[in-house]
Amino acid sequence: MSHLQNLLLDSLLGTKHVDSAALIKLHERSVCVASPGFSLMPSDVRTLVNGFAKNPLQTRREGLYFKEKDYKCVRADDYSLYAKNNAVYFDNPGGPENLYIKEVPKPIPGEGEVLLKVAVSALNRADLLQRQGQYHPPPGASSILGLEASGYVSELGPGCQGHWKIGDPAMALLPGGGQAQYVTVPEELLMSIPEGLTLHQAAAIPEVWLTSFQLLHLLGNVQAGETVLIHAGASAVGTAAIQLTRMAGAIPLVTAGSQNKLQMAEKLGAAAGFNYKEQDFCEATLKFTKGAGVNLILDCIGGSYWEKNVNCLALDGRWILYGLLGGEDVSGPLFSKLFYKRGSLITSRLRNRDKKYKQMLVKAFTEQILPHFSKEGPQRLLPVLDRVYPMAEIQAAHEYMQANRNVGKIVLELPQ
Ligand SMILES: NC(=O)c1ccc[n+]([C@@H]2O[C@H](COP(=O)([O-])OP(=O)(O)OC[C@H]3O[C@@H](n4cnc5c(N)ncnc54)[C@H](OP(=O)(O)O)[C@@H]3O)[C@@H](O)[C@H]2O)c1
(Lines give C-alpha, C1' and ligand atoms only; values in the text may rest on other atoms or scores of the structure.)
Protein backbone atom coordinates (compact mmCIF):
# COMPACT_ATOMS: atom_id res chain seq x y z
CA MET A 1 0.00 0.00 0.00
CA SER A 2 1.37 3.43 -0.91
CA HIS A 3 2.11 6.23 1.55
CA LEU A 4 -0.93 8.11 0.27
CA GLN A 5 -3.15 5.10 0.77
CA ASN A 6 -1.91 4.60 4.33
CA LEU A 7 -2.44 8.26 5.10
CA LEU A 8 -5.93 8.23 3.72
CA LEU A 9 -6.83 5.00 5.41
CA ASP A 10 -5.77 6.35 8.82
CA SER A 11 -7.71 9.54 8.28
CA LEU A 12 -10.79 7.87 6.94
CA LEU A 13 -11.00 5.30 9.68
CA GLY A 14 -11.07 8.20 12.14
CA THR A 15 -14.00 9.69 10.30
CA LYS A 16 -16.75 11.64 12.00
CA HIS A 17 -20.17 11.34 10.47
CA VAL A 18 -22.25 14.44 9.92
CA ASP A 19 -25.79 13.58 8.87
CA SER A 20 -25.46 12.12 5.45
CA ALA A 21 -21.86 13.17 5.07
CA ALA A 22 -18.52 12.00 6.37
CA LEU A 23 -16.04 14.61 7.50
CA ILE A 24 -12.45 13.57 7.18
CA LYS A 25 -9.45 15.39 8.61
CA LEU A 26 -6.37 15.09 6.48
CA HIS A 27 -3.45 17.29 7.66
CA GLU A 28 -4.75 20.87 7.61
CA ARG A 29 -7.43 19.96 5.20
CA SER A 30 -10.89 18.60 5.68
CA VAL A 31 -12.46 16.26 3.23
CA CYS A 32 -16.08 15.51 2.89
CA VAL A 33 -17.77 12.54 1.30
CA ALA A 34 -21.53 12.66 1.17
CA SER A 35 -24.44 10.53 0.24
CA PRO A 36 -27.97 9.92 1.40
CA GLY A 37 -27.82 7.33 4.17
CA PHE A 38 -24.08 7.17 3.92
CA SER A 39 -22.16 5.32 6.58
CA LEU A 40 -18.57 4.23 6.41
CA MET A 41 -17.75 0.60 7.10
CA PRO A 42 -14.04 -0.32 7.25
CA SER A 43 -14.45 -2.34 4.03
CA ASP A 44 -16.06 0.65 2.30
CA VAL A 45 -13.24 2.86 3.51
CA ARG A 46 -10.74 0.55 1.87
CA THR A 47 -12.65 0.67 -1.41
CA LEU A 48 -12.79 4.44 -1.21
CA VAL A 49 -9.10 4.73 -0.45
CA ASN A 50 -8.09 2.38 -3.21
CA GLY A 51 -10.25 4.31 -5.64
CA PHE A 52 -8.81 7.60 -4.48
CA ALA A 53 -5.23 6.42 -4.68
CA LYS A 54 -5.84 5.08 -8.17
CA ASN A 55 -7.45 8.21 -9.42
CA PRO A 56 -7.50 11.26 -7.11
CA LEU A 57 -8.81 13.72 -9.69
CA GLN A 58 -11.67 11.50 -10.68
CA THR A 59 -12.55 10.81 -7.10
CA ARG A 60 -12.45 14.47 -6.27
CA ARG A 61 -14.81 15.29 -9.10
CA GLU A 62 -17.01 12.45 -7.95
CA GLY A 63 -17.78 13.88 -4.53
CA LEU A 64 -14.64 13.64 -2.43
CA TYR A 65 -13.68 17.25 -1.77
CA PHE A 66 -10.60 18.88 -0.30
CA LYS A 67 -10.98 22.28 1.27
CA GLU A 68 -8.49 24.48 3.02
CA LYS A 69 -10.06 24.93 6.45
CA ASP A 70 -13.56 23.67 6.77
CA TYR A 71 -15.46 20.98 4.98
CA LYS A 72 -17.99 21.21 2.28
CA CYS A 73 -20.91 18.85 2.21
CA VAL A 74 -21.86 17.67 -1.22
CA ARG A 75 -24.98 15.66 -1.80
CA ALA A 76 -24.40 12.67 -3.96
CA ASP A 77 -26.12 12.60 -7.30
CA ASP A 78 -26.19 9.92 -9.94
CA TYR A 79 -22.59 10.53 -10.89
CA SER A 80 -21.10 10.77 -7.43
CA LEU A 81 -18.91 8.26 -5.69
CA TYR A 82 -21.57 7.28 -3.22
CA ALA A 83 -24.59 7.48 -5.46
CA LYS A 84 -27.04 4.75 -4.62
CA ASN A 85 -25.52 1.48 -5.72
CA ASN A 86 -27.50 -1.50 -4.62
CA ALA A 87 -25.92 -4.90 -5.02
CA VAL A 88 -26.71 -8.53 -4.37
CA TYR A 89 -24.82 -9.33 -1.20
CA PHE A 90 -24.19 -12.02 1.39
CA ASP A 91 -22.25 -11.78 4.64
CA ASN A 92 -21.76 -15.49 5.29
CA PRO A 93 -21.52 -18.38 2.86
CA GLY A 94 -24.59 -20.61 2.79
CA GLY A 95 -27.99 -21.06 1.19
CA PRO A 96 -29.99 -18.63 -0.96
CA GLU A 97 -31.58 -17.23 2.24
CA ASN A 98 -28.25 -15.53 2.99
CA LEU A 99 -28.62 -13.27 -0.04
CA TYR A 100 -29.93 -9.73 0.39
CA ILE A 101 -29.69 -6.33 -1.26
CA LYS A 102 -27.12 -3.99 0.21
CA GLU A 103 -26.05 -0.48 -0.65
CA VAL A 104 -22.35 -0.58 -1.53
CA PRO A 105 -19.89 2.05 -2.73
CA LYS A 106 -20.20 2.96 -6.33
CA PRO A 107 -17.03 1.75 -8.06
CA ILE A 108 -14.69 4.22 -9.70
CA PRO A 109 -13.40 3.48 -13.18
CA GLY A 110 -9.63 3.24 -13.19
CA GLU A 111 -7.19 3.61 -16.07
CA GLY A 112 -8.78 2.32 -19.27
CA GLU A 113 -11.98 1.33 -17.50
CA VAL A 114 -15.57 2.26 -18.15
CA LEU A 115 -18.34 2.55 -15.57
CA LEU A 116 -21.41 0.64 -16.70
CA LYS A 117 -24.83 1.47 -15.25
CA VAL A 118 -26.25 -2.02 -15.15
CA ALA A 119 -29.77 -2.62 -16.42
CA VAL A 120 -29.73 -6.41 -16.50
CA SER A 121 -27.34 -9.06 -15.19
CA ALA A 122 -27.58 -12.85 -15.34
CA LEU A 123 -27.07 -15.80 -13.05
CA ASN A 124 -24.34 -18.37 -13.44
CA ARG A 125 -23.52 -21.56 -11.59
CA ALA A 126 -20.41 -19.76 -10.36
CA ASP A 127 -22.72 -17.44 -8.35
CA LEU A 128 -24.21 -20.44 -6.56
CA LEU A 129 -20.77 -21.83 -5.75
CA GLN A 130 -19.49 -18.44 -4.60
CA ARG A 131 -22.53 -18.00 -2.35
CA GLN A 132 -21.77 -21.42 -0.83
CA GLY A 133 -18.18 -20.36 -0.17
CA GLN A 134 -16.79 -22.83 -2.72
CA TYR A 135 -15.61 -20.41 -5.39
CA HIS A 136 -13.64 -17.32 -4.53
CA PRO A 137 -13.35 -14.50 -7.06
CA PRO A 138 -9.93 -14.22 -8.71
CA PRO A 139 -7.48 -11.76 -7.10
CA GLY A 140 -8.44 -8.15 -7.78
CA ALA A 141 -12.01 -8.99 -8.83
CA SER A 142 -15.10 -7.65 -7.08
CA SER A 143 -16.51 -9.96 -4.42
CA ILE A 144 -20.02 -9.01 -5.56
CA LEU A 145 -21.71 -11.73 -7.61
CA GLY A 146 -22.30 -11.37 -11.33
CA LEU A 147 -20.12 -12.42 -14.27
CA GLU A 148 -21.96 -10.45 -16.93
CA ALA A 149 -24.16 -7.44 -17.40
CA SER A 150 -25.82 -5.21 -19.94
CA GLY A 151 -26.59 -1.52 -19.52
CA TYR A 152 -25.33 1.91 -20.47
CA VAL A 153 -21.91 3.51 -20.32
CA SER A 154 -22.14 5.97 -17.45
CA GLU A 155 -18.58 7.24 -17.14
CA LEU A 156 -15.17 6.89 -18.75
CA GLY A 157 -12.04 6.41 -16.66
CA PRO A 158 -8.78 8.13 -17.52
CA GLY A 159 -6.95 6.88 -20.61
CA CYS A 160 -9.98 5.37 -22.35
CA GLN A 161 -9.32 5.11 -26.05
CA GLY A 162 -12.59 6.63 -27.23
CA HIS A 163 -14.32 3.42 -28.30
CA TRP A 164 -17.22 4.21 -25.97
CA LYS A 165 -19.33 7.31 -25.27
CA ILE A 166 -21.47 8.09 -22.24
CA GLY A 167 -24.92 6.61 -22.83
CA ASP A 168 -23.83 3.85 -25.23
CA PRO A 169 -25.66 0.57 -24.66
CA ALA A 170 -23.21 -2.28 -24.06
CA MET A 171 -22.75 -5.72 -22.54
CA ALA A 172 -19.76 -6.87 -20.53
CA LEU A 173 -17.81 -9.94 -19.51
CA LEU A 174 -16.88 -9.57 -15.84
CA PRO A 175 -14.86 -11.48 -13.24
CA GLY A 176 -17.51 -10.37 -10.70
CA GLY A 177 -19.54 -7.34 -9.67
CA GLY A 178 -22.28 -7.52 -12.31
CA GLN A 179 -25.17 -7.86 -9.88
CA ALA A 180 -24.98 -4.25 -8.76
CA GLN A 181 -26.32 -1.04 -10.24
CA TYR A 182 -22.83 0.02 -11.27
CA VAL A 183 -19.80 -1.98 -12.30
CA THR A 184 -16.44 -1.04 -13.76
CA VAL A 185 -15.05 -2.93 -16.71
CA PRO A 186 -11.93 -2.61 -18.89
CA GLU A 187 -13.13 -0.94 -22.08
CA GLU A 188 -11.94 -3.87 -24.21
CA LEU A 189 -14.24 -6.27 -22.35
CA LEU A 190 -17.34 -4.34 -23.33
CA MET A 191 -19.22 -5.40 -26.43
CA SER A 192 -21.85 -3.62 -28.49
CA ILE A 193 -25.32 -5.07 -28.26
CA PRO A 194 -26.22 -6.74 -31.54
CA GLU A 195 -28.97 -4.92 -33.42
CA GLY A 196 -32.41 -6.27 -32.64
CA LEU A 197 -31.52 -7.71 -29.23
CA THR A 198 -32.95 -6.40 -25.96
CA LEU A 199 -30.87 -5.59 -22.88
CA HIS A 200 -32.26 -8.80 -21.34
CA GLN A 201 -31.03 -10.91 -24.23
CA ALA A 202 -27.70 -9.08 -24.21
CA ALA A 203 -27.12 -9.84 -20.51
CA ALA A 204 -27.49 -13.53 -21.37
CA ILE A 205 -24.62 -13.50 -23.85
CA PRO A 206 -21.17 -12.71 -22.41
CA GLU A 207 -20.35 -15.52 -19.98
CA VAL A 208 -21.87 -18.55 -21.66
CA TRP A 209 -21.43 -17.60 -25.31
CA LEU A 210 -17.80 -16.61 -24.84
CA THR A 211 -17.27 -19.84 -22.90
CA SER A 212 -18.86 -21.96 -25.64
CA PHE A 213 -16.94 -20.15 -28.38
CA GLN A 214 -13.70 -20.64 -26.50
CA LEU A 215 -14.36 -24.33 -25.78
CA LEU A 216 -15.33 -25.17 -29.34
CA HIS A 217 -12.89 -23.10 -31.33
CA LEU A 218 -9.91 -21.99 -29.27
CA LEU A 219 -9.55 -25.20 -27.26
CA GLY A 220 -11.52 -27.83 -29.15
CA ASN A 221 -10.52 -26.79 -32.68
CA VAL A 222 -13.89 -28.04 -33.91
CA GLN A 223 -14.00 -28.96 -37.60
CA ALA A 224 -16.92 -29.21 -40.03
CA GLY A 225 -18.35 -32.73 -40.10
CA GLU A 226 -17.12 -33.67 -36.62
CA THR A 227 -19.47 -34.88 -33.89
CA VAL A 228 -19.61 -32.95 -30.63
CA LEU A 229 -21.18 -34.36 -27.46
CA ILE A 230 -22.53 -31.52 -25.31
CA HIS A 231 -23.48 -32.46 -21.76
CA ALA A 232 -26.22 -30.50 -19.96
CA GLY A 233 -27.50 -29.63 -23.43
CA ALA A 234 -30.29 -27.39 -22.15
CA SER A 235 -28.03 -25.48 -19.75
CA ALA A 236 -27.17 -21.92 -20.64
CA VAL A 237 -23.74 -22.98 -21.95
CA GLY A 238 -25.34 -25.97 -23.70
CA THR A 239 -27.90 -23.89 -25.59
CA ALA A 240 -25.12 -21.64 -26.90
CA ALA A 241 -22.79 -24.55 -27.70
CA ILE A 242 -25.44 -26.37 -29.79
CA GLN A 243 -25.91 -23.33 -32.00
CA LEU A 244 -22.18 -22.63 -32.37
CA THR A 245 -21.51 -26.28 -33.19
CA ARG A 246 -24.09 -26.11 -36.00
CA MET A 247 -22.60 -22.86 -37.22
CA ALA A 248 -19.20 -24.53 -37.44
CA GLY A 249 -20.73 -27.25 -39.66
CA ALA A 250 -20.28 -29.90 -36.96
CA ILE A 251 -22.93 -32.24 -35.52
CA PRO A 252 -24.13 -31.60 -31.94
CA LEU A 253 -25.36 -34.47 -29.76
CA VAL A 254 -26.59 -33.68 -26.27
CA THR A 255 -27.42 -35.18 -22.93
CA ALA A 256 -30.04 -33.75 -20.54
CA GLY A 257 -32.20 -34.91 -17.66
CA SER A 258 -35.71 -34.46 -19.06
CA GLN A 259 -37.71 -34.80 -22.26
CA ASN A 260 -38.60 -31.13 -22.21
CA LYS A 261 -34.90 -30.16 -22.12
CA LEU A 262 -34.05 -32.57 -24.93
CA GLN A 263 -36.81 -31.11 -27.07
CA MET A 264 -35.44 -27.61 -26.60
CA ALA A 265 -31.94 -28.81 -27.49
CA GLU A 266 -33.24 -30.44 -30.66
CA LYS A 267 -35.13 -27.25 -31.58
CA LEU A 268 -31.83 -25.38 -31.32
CA GLY A 269 -30.11 -27.82 -33.65
CA ALA A 270 -29.06 -30.94 -31.72
CA ALA A 271 -28.98 -33.92 -34.09
CA ALA A 272 -29.89 -36.28 -31.22
CA GLY A 273 -30.42 -36.07 -27.49
CA PHE A 274 -30.09 -38.64 -24.75
CA ASN A 275 -31.80 -38.58 -21.38
CA TYR A 276 -28.96 -39.58 -19.07
CA LYS A 277 -31.45 -40.56 -16.38
CA GLU A 278 -33.12 -43.16 -18.61
CA GLN A 279 -30.47 -44.41 -20.99
CA ASP A 280 -26.74 -44.96 -21.29
CA PHE A 281 -25.52 -41.93 -23.25
CA CYS A 282 -22.28 -43.71 -24.09
CA GLU A 283 -24.06 -46.59 -25.85
CA ALA A 284 -26.44 -44.16 -27.59
CA THR A 285 -23.54 -42.02 -28.80
CA LEU A 286 -21.62 -45.02 -30.11
CA LYS A 287 -24.76 -46.18 -31.92
CA PHE A 288 -25.28 -42.74 -33.47
CA THR A 289 -21.66 -42.55 -34.64
CA LYS A 290 -21.67 -46.18 -35.86
CA GLY A 291 -19.08 -47.14 -33.30
CA ALA A 292 -16.61 -44.36 -34.15
CA GLY A 293 -17.30 -42.22 -31.07
CA VAL A 294 -17.42 -38.44 -30.83
CA ASN A 295 -14.58 -36.14 -31.82
CA LEU A 296 -15.20 -33.57 -29.12
CA ILE A 297 -16.89 -33.64 -25.72
CA LEU A 298 -17.91 -30.46 -23.88
CA ASP A 299 -18.12 -31.71 -20.32
CA CYS A 300 -19.32 -29.69 -17.34
CA ILE A 301 -20.16 -32.82 -15.33
CA GLY A 302 -16.78 -34.43 -14.62
CA GLY A 303 -16.58 -37.24 -12.03
CA SER A 304 -19.82 -39.15 -12.58
CA TYR A 305 -19.38 -39.17 -16.40
CA TRP A 306 -15.67 -39.88 -16.76
CA GLU A 307 -15.88 -43.51 -17.80
CA LYS A 308 -18.74 -43.08 -20.26
CA ASN A 309 -16.99 -40.05 -21.71
CA VAL A 310 -13.74 -41.82 -22.39
CA ASN A 311 -15.58 -44.89 -23.71
CA CYS A 312 -17.47 -42.88 -26.33
CA LEU A 313 -14.53 -40.68 -27.34
CA ALA A 314 -13.25 -41.21 -30.89
CA LEU A 315 -9.61 -41.94 -31.69
CA ASP A 316 -7.70 -38.64 -31.32
CA GLY A 317 -10.80 -37.14 -29.66
CA ARG A 318 -10.69 -34.05 -27.48
CA TRP A 319 -12.50 -34.00 -24.15
CA ILE A 320 -12.85 -30.58 -22.59
CA LEU A 321 -13.69 -30.44 -18.91
CA TYR A 322 -15.07 -27.06 -17.86
CA GLY A 323 -17.26 -27.89 -14.83
CA LEU A 324 -17.64 -30.43 -12.05
CA LEU A 325 -21.39 -30.66 -11.54
CA GLY A 326 -21.10 -34.46 -11.24
CA GLY A 327 -18.22 -34.48 -8.78
CA GLU A 328 -14.45 -34.38 -8.86
CA ASP A 329 -13.39 -37.93 -8.04
CA VAL A 330 -12.26 -40.50 -10.56
CA SER A 331 -11.64 -44.11 -9.69
CA GLY A 332 -10.51 -46.45 -12.44
CA PRO A 333 -8.19 -46.70 -15.44
CA LEU A 334 -8.78 -43.21 -16.88
CA PHE A 335 -5.21 -42.83 -18.14
CA SER A 336 -4.99 -46.14 -19.98
CA LYS A 337 -8.39 -45.67 -21.62
CA LEU A 338 -7.46 -42.16 -22.73
CA PHE A 339 -3.99 -43.22 -23.78
CA TYR A 340 -5.18 -46.05 -26.07
CA LYS A 341 -7.48 -43.59 -27.84
CA ARG A 342 -4.72 -40.99 -28.11
CA GLY A 343 -7.32 -38.75 -26.46
CA SER A 344 -6.70 -35.26 -25.11
CA LEU A 345 -8.19 -34.11 -21.85
CA ILE A 346 -8.23 -30.33 -21.66
CA THR A 347 -9.54 -28.26 -18.75
CA SER A 348 -10.75 -24.70 -18.91
CA ARG A 349 -11.86 -21.87 -16.64
CA LEU A 350 -12.65 -18.51 -18.16
CA ARG A 351 -13.08 -16.40 -15.03
CA ASN A 352 -9.49 -16.52 -13.85
CA ARG A 353 -7.93 -15.95 -17.30
CA ASP A 354 -5.86 -12.77 -17.51
CA LYS A 355 -7.06 -9.54 -19.08
CA LYS A 356 -5.01 -10.02 -22.25
CA TYR A 357 -6.56 -13.42 -22.97
CA LYS A 358 -10.07 -12.10 -22.33
CA GLN A 359 -9.45 -9.13 -24.63
CA MET A 360 -8.34 -11.48 -27.38
CA LEU A 361 -11.39 -13.70 -26.81
CA VAL A 362 -13.84 -10.79 -26.79
CA LYS A 363 -12.29 -9.37 -29.97
CA ALA A 364 -12.48 -12.69 -31.83
CA PHE A 365 -16.05 -13.28 -30.63
CA THR A 366 -17.10 -9.75 -31.58
CA GLU A 367 -15.71 -10.15 -35.09
CA GLN A 368 -16.71 -13.73 -35.82
CA ILE A 369 -19.88 -14.41 -33.86
CA LEU A 370 -21.71 -11.27 -32.74
CA PRO A 371 -22.95 -10.29 -36.22
CA HIS A 372 -24.82 -13.61 -36.40
CA PHE A 373 -27.19 -12.55 -33.61
CA SER A 374 -28.64 -9.90 -35.93
CA LYS A 375 -28.52 -11.63 -39.30
CA GLU A 376 -31.78 -13.06 -40.58
CA GLY A 377 -31.57 -16.62 -41.81
CA PRO A 378 -31.27 -20.22 -40.66
CA GLN A 379 -27.97 -19.65 -38.86
CA ARG A 380 -29.21 -16.72 -36.77
CA LEU A 381 -27.99 -17.13 -33.20
CA LEU A 382 -30.39 -16.80 -30.31
CA PRO A 383 -29.65 -16.24 -26.62
CA VAL A 384 -32.08 -18.55 -24.80
CA LEU A 385 -33.80 -16.88 -21.84
CA ASP A 386 -35.69 -18.92 -19.30
CA ARG A 387 -36.83 -16.43 -16.67
CA VAL A 388 -36.46 -12.83 -15.63
CA TYR A 389 -36.25 -12.03 -11.91
CA PRO A 390 -36.19 -8.57 -10.36
CA MET A 391 -33.09 -8.08 -8.21
CA ALA A 392 -35.23 -8.15 -5.07
CA GLU A 393 -36.10 -11.79 -5.85
CA ILE A 394 -32.51 -12.97 -6.00
CA GLN A 395 -33.13 -15.76 -3.47
CA ALA A 396 -35.86 -17.28 -5.65
CA ALA A 397 -33.60 -17.02 -8.71
CA HIS A 398 -30.85 -19.00 -6.95
CA GLU A 399 -33.33 -21.63 -5.77
CA TYR A 400 -34.64 -22.04 -9.31
CA MET A 401 -31.16 -22.60 -10.77
CA GLN A 402 -30.12 -24.85 -7.93
CA ALA A 403 -33.13 -27.08 -8.64
CA ASN A 404 -31.87 -27.51 -12.24
CA ARG A 405 -35.13 -26.07 -13.54
CA ASN A 406 -33.82 -23.57 -16.08
CA VAL A 407 -33.50 -24.09 -19.81
CA GLY A 408 -31.03 -21.42 -20.90
CA LYS A 409 -30.42 -18.29 -18.89
CA ILE A 410 -31.92 -16.76 -15.79
CA VAL A 411 -31.58 -12.98 -15.95
CA LEU A 412 -31.79 -10.41 -13.21
CA GLU A 413 -33.29 -6.93 -13.63
CA LEU A 414 -31.57 -4.16 -11.69
CA PRO A 415 -33.63 -1.25 -10.36
CA GLN A 416 -33.29 1.79 -12.63
N1 LIG B 1 -15.08 -23.24 -16.99
C2 LIG B 1 -15.71 -22.16 -17.42
O3 LIG B 1 -15.09 -21.22 -17.91
C4 LIG B 1 -17.20 -22.10 -17.28
C5 LIG B 1 -17.91 -21.00 -17.74
C6 LIG B 1 -19.31 -21.01 -17.64
C7 LIG B 1 -19.95 -22.08 -17.05
N8 LIG B 1 -19.20 -23.11 -16.57
C9 LIG B 1 -19.83 -24.29 -15.98
O10 LIG B 1 -20.69 -24.86 -16.92
C11 LIG B 1 -21.73 -25.53 -16.26
C12 LIG B 1 -23.04 -25.12 -16.85
O13 LIG B 1 -23.26 -23.76 -16.58
P14 LIG B 1 -24.65 -23.09 -16.95
O15 LIG B 1 -24.67 -21.70 -16.46
O16 LIG B 1 -24.90 -23.34 -18.37
O17 LIG B 1 -25.62 -23.98 -16.03
P18 LIG B 1 -27.18 -24.13 -15.98
O19 LIG B 1 -27.85 -23.37 -17.07
O20 LIG B 1 -27.61 -23.84 -14.61
O21 LIG B 1 -27.42 -25.69 -16.28
C22 LIG B 1 -26.82 -26.70 -15.57
C23 LIG B 1 -27.57 -28.01 -15.83
O24 LIG B 1 -26.66 -29.08 -15.64
C25 LIG B 1 -27.40 -30.25 -15.35
N26 LIG B 1 -26.82 -30.92 -14.19
C27 LIG B 1 -26.64 -30.43 -12.95
N28 LIG B 1 -26.07 -31.34 -12.15
C29 LIG B 1 -25.85 -32.44 -12.91
C30 LIG B 1 -25.30 -33.72 -12.65
N31 LIG B 1 -24.81 -34.05 -11.44
N32 LIG B 1 -25.24 -34.61 -13.66
C33 LIG B 1 -25.73 -34.29 -14.89
N34 LIG B 1 -26.28 -33.09 -15.19
C35 LIG B 1 -26.34 -32.19 -14.21
C36 LIG B 1 -28.85 -29.82 -15.05
O37 LIG B 1 -29.63 -30.10 -16.21
P38 LIG B 1 -30.37 -31.53 -16.38
O39 LIG B 1 -31.79 -31.30 -15.96
O40 LIG B 1 -30.23 -31.81 -17.83
O41 LIG B 1 -29.68 -32.52 -15.50
C42 LIG B 1 -28.71 -28.30 -14.90
O43 LIG B 1 -29.89 -27.61 -15.21
C44 LIG B 1 -21.57 -25.22 -14.78
O45 LIG B 1 -20.89 -26.27 -14.16
C46 LIG B 1 -20.72 -23.99 -14.79
O47 LIG B 1 -19.99 -23.82 -13.61
C48 LIG B 1 -17.86 -23.14 -16.68
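Helices here are DSSP runs of H or I with at least four residues, numbered from the N terminus. The model is predicted.

**The largest pocket**

Of the helices, α6 supplies the largest share of the lining of the largest pocket, with five residues. This helix spans residues 206–219. Other helices that each give at least two lining residues include α4 (125–131), α7 (236–247), α8 (259–268) and α13 (394–402). The pocket has a volume of about 1,400 Å³. By class, the lining divides into 23 nonpolar, 18 polar and eight charged residues.

**Salt bridges**

The structure holds six salt bridges. Three of them are listed here.

| Pair | Closest N to O distance |
|---|---|
| Asp 168 and Lys 165 | 3.5 Å |
| Arg 342 and Asp 316 | 2.8 Å |

Arg 318 sits in strand β16 (residues 313–321) and Glu 226 in the loop between α6 and β12 (227–230), so the bridge ties together parts 92 residues apart in sequence. Arg 318 is buried, at 14% relative accessible area. Glu 226 is buried too, at 14%.

Arg 342 pairs with Asp 316. Arg 342 lies in the loop between α11 (334–340) and β17 (344–347), and Asp 316 in strand β16, so this pair ties together parts 26 residues apart in sequence. Asp 316 is partly exposed, at 40%.

Asp 168 bridges to Lys 165. Asp 168 is buried, with a relative accessible area of 16%, whereas Lys 165 is exposed, at 54%.

Technical notes:
Residues are numbered from 1 along each chain as its sequence is written. This is a predicted model: local features need pLDDT of at least 70, side-chain atom pairs count only at pLDDT 80 or more; totals for chains, interfaces and linings use all residues. Side-chain values use heavy atoms; hydrogens and water are left out. On a 1 Å grid over the protein atoms alone, a cavity is a set of points where a 1.4 Å probe fits but cannot get out, and a pocket is an open set with protein on both sides within 12 Å along at least five of seven lines; lining residues have an atom within 4 Å of a point. Grid points are joined across faces, edges and corners, and a volume is the space filled by probe spheres set on the points. Ala, Val, Leu, Ile, Met, Phe, Trp, Tyr, Cys and Pro count as nonpolar, Asp, Glu, Lys and Arg as charged, and the others, Gly among them, as polar. A salt bridge is a side-chain nitrogen of Lys or Arg within 4 Å of a carboxyl oxygen of Asp or Glu. Buried means under 20% relative accessible area, exposed over 50%, partly exposed in between (1.4 Å probe, protein chains only).
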